[in-house]
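Thanks, everyone, for making the time this morning. I would like to walk through one model with you, strand by strand, and then turn to a few individual side chains.

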Amino acid sequence: MKDGEWAAVLQILKDNSHMRGAVVGLSQECCSFRTIQPFTGGTQIRVEVDFQVRGLHLLLAGVTEDVRDKRTVDIRYVELSYRKRAELADLIEELRQEATSQSSYPL
């Protein structure tokens with residue numbers, strides 16, 4: 001996995017199927033998921049994304065918003081608790097600060 005990618009499992013709730021892949025984009029409102037096998041599910045499908053970042057386990061409920069190509073799907077979070085939103089916000093800020101500090105070092 002590259003920096004900014006985390007191994008993950010996408011569970012499609014309507015048929016309880018699972019797809020392996022990686023979270024490749026992470027924000028407070030949505031994430032992007034790159035599947036290993038082609039994604040054929042379409043949009044407006046309820047899903048859960050299960051992954052870990054720095055020892056923090058995240059299980060985020062969402063809805064598929066956009067299928068950008070055969071293997072990349074954007075997922076908008078739904079029904080996140082206040083605690084889960086706070087954890088996610090802290091994590092994103094920590095990742096942002098780390099990326100900023102790494103890019104400020106002279107070569």
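Predicted model: local features only at pLDDT ≥ 70, side-chain atom pairs only at ≥ 80, totals over all residues.

Let me begin at one pair in the sheet, where glycine 21 stands opposite threonine 35 in E3. Residues are numbered from 1 along each chain as its sequence is written, and side-chain values use heavy atoms, with hydrogens and water left out.

Strands here (E, at least two residues) and helices (H or I, at least four) are DSSP runs numbered from the N terminus, and two strands pair if DSSP finds at least two bridges between them. On that basis E2 and E3 pair in the antiparallel sense over 5 bridges, and a hairpin joins E2 to E3 through 3 residues. On to the next pairing: strand E3, residues 30-35, is joined by 5 bridges to strand E6, residues 72-77, and these two also run antiparallel. Within that pairing, cysteine 31 stands opposite isoleucine 75, and phenylalanine 33 stands opposite valine 73.

These pairings belong to a closed barrel of 6 strands, which runs E1-E2-E3-E6-E5-E4 with antiparallel pairing. The twist averages 45° from one strand to the next, where axes are lines fitted to C-alpha atoms, for helices over the stretch in contact, and angles run from 0 to 180 degrees between N-to-C directions.

What does the largest nonpolar core contain? A nonpolar core is a set of buried Ala, Val, Leu, Ile, Met, Phe, Trp, Tyr and Cys residues joined through side-chain atoms within 4.5 Å, and buried means under 20% relative accessible area, with exposed over 50% and partly exposed in between, for a 1.4 Å probe and protein chains only. The largest such core has 23 residues, and those with the most contacts inside it are Leu10, Val23, Phe33, Val49, Phe51 and Ile75. E1, E2, E3, E4, E5, E6 and H1 each supply at least two residues of this core. Taking contact as heavy atoms within 4.5 Å, and leaving aside neighbours within four places in sequence, isoleucine 75 touches residues including Leu10, Cys31, Phe33, Val47 and Val49.

Cysteine 30 is partly exposed, with a relative accessible area of 35%, whereas cysteine 31 counts as buried at 1% relative accessibility.

Two polar residues deserve a word as well. Glutamine 11, found in strand E1 (residues 6-12), counts as buried at 19% relative accessibility. Its side chain makes a polar contact, at 2.3 Å, with the side chain of asparagine 16; the term requires a pair of N or O atoms within 3.5 Å, within protein one able to donate a hydrogen and the other to accept it, and residues adjacent in sequence count only if both atoms are side-chain atoms.

Lysine 84, in helix H1 (residues 82-103), is likewise buried, with a relative accessible area of 15%. Leaving aside its neighbours within four places in sequence, lysine 84 is in contact with Leu58, Leu59 and Leu60.
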